[in-house]
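Here's a quick tour of a single model, written for someone who likes cut-offs spelled out. Have the viewer open and follow along.

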Amino acid sequence: MSSIRQPAMAGHFYPAEPAELETWLAAHITAPPVHWPVPQILLLPHAGYLYSGKLAAAGVSRLPAGVYQRLIILSPAHRMPVQGVALPGADCTGFATPLGEMPLDHAGIAALHDQPQVTQLALAHQQEHAIEVLLPMLRYRLGPLPVLPLVVGQMTPEALLDLLLPLLDQYTLLVISSDLSHYLSYREAQAQDTLTLAQILALDASLQPEQACGHTAINMALLLSRKRMLLPALVGQHNSGDITGERTRVVGYACLSFID
């Protein structure tokens, strides 16, 4: 029996009502810059839309429609420990959004299914927000493309790159879902995030867990960028203190695009 992964965070992290959500997306996702090269990788934040939605939308706005044939989205394992990479459950055929479904990339799943460090684990995806919050934006921009959603746990960036490299052709968009520093003071977060972004822009694949929850996937993307001579560009950054005014414990966010 097939199943669709239902939204867990609609109405909390982003609007659950389709009309309200589409209004928000229409206001924040714009036409891509003229002559902007096609991004091969996007680093997008995954907090609620109040906190990082505009930043993520700015990144998605750089994507041209009609170019990509598949999305691969890498999420940290927020909800449960994962060894290696977790695929959705064996009976899952798609991820629901308030705007419609995103079908799973079954060819990609088949290619990974029997690989070392790959498991099928529905529970790793059931309450995971880091993929879910980005899907409405990506669907709005690119349509219902086949998506390969992967929760990344304990593994090396090199092993992750070896696993994904055969799937990363010119028609595949790789999305890294990650926030930056967590629960530092405003000034401490600014300093640490500045260092982190300098490392990313230098393609220094040595990020540590305290710098970004998606550090493994980011480091993998930096290794890939060095291999394929992709250039990172900072789309924008801020932290939660810039939104709420609360500066005692903040979370950092950034959006970067990687282009040929």
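Two strands count as paired if DSSP finds at least two bridges between them. Strands here (E, at least two residues) and helices (H or I, at least four) are DSSP runs, numbered from the N terminus. Before going further: this is a predicted model, where local features need pLDDT of at least 70, side-chain atom pairs count only at pLDDT 80 or more, and totals for chains, interfaces and linings use all residues. Residues are numbered from 1 along each chain as its sequence is written, and side-chain values use heavy atoms, with hydrogens and water left out.

Now the sheet. Gly94 has Pro103 in strand 6 as its bridge partner. Strand 5 (residues 92-97) runs antiparallel to strand 6, and the two pair over four bridges.

## Helix 1 and its two sides

Which residues of helix 1 (residues 18-28) are buried? They are Leu21, Trp24 and Leu25, where buried means under 20% relative accessible area, exposed means over 50%, and partly exposed is in between (1.4 Å probe, protein chains only). Looking down the axis of helix 1, these buried residues fall within an arc of 95°, so they line one face; the arc is taken from the directions from the helix axis to the C-beta atoms. As background, an α-helix has 3.6 residues a turn, so residues three or four places apart point the same way.

The face turned away from the buried side carries the exposed Thr23 and Ala27. On the buried side, the cover includes helix 2 (49-60) and helix 6 (135-142).

## The nonpolar core

A nonpolar core is a set of buried Ala, Val, Leu, Ile, Met, Phe, Trp, Tyr and Cys residues joined through side-chain atoms within 4.5 Å. The largest one has 75 residues, and Leu74, Leu138 and Ile176 have the most contacts inside it. Helix 9 (residues 215-228) gives the most to this core, with seven residues.

Take Leu138: setting aside neighbours within four places in sequence, its contacts (heavy atoms within 4.5 Å) are Val60, Leu63, Leu71, Ile73, Gly143, Leu173 and Val175.

Ser75 belongs to strand 3 (residues 70-76) and is buried, at 2% relative accessible area. Beyond four places in sequence, Ser75 touches residues including Glu128, Leu150 and Ser177.

Thr172 lies in strand 9 (residues 172-177) and is buried too, at 3%. Which side chains does the side chain of Thr172 meet in polar contacts? One is Arg70, at 3.4 Å, and another is Asp169, at 2.9 Å. A polar contact is a pair of N or O atoms within 3.5 Å; within protein, one must be able to donate a hydrogen and the other to accept it, and residues adjacent in sequence count only if both atoms are side-chain atoms.

## Thr244

Thr244 sits in helix 10 (residues 240-244) and counts as partly exposed because its relative accessibility is 43%. Its side chain reaches the backbone nitrogen of Glu246 at 3.1 Å.
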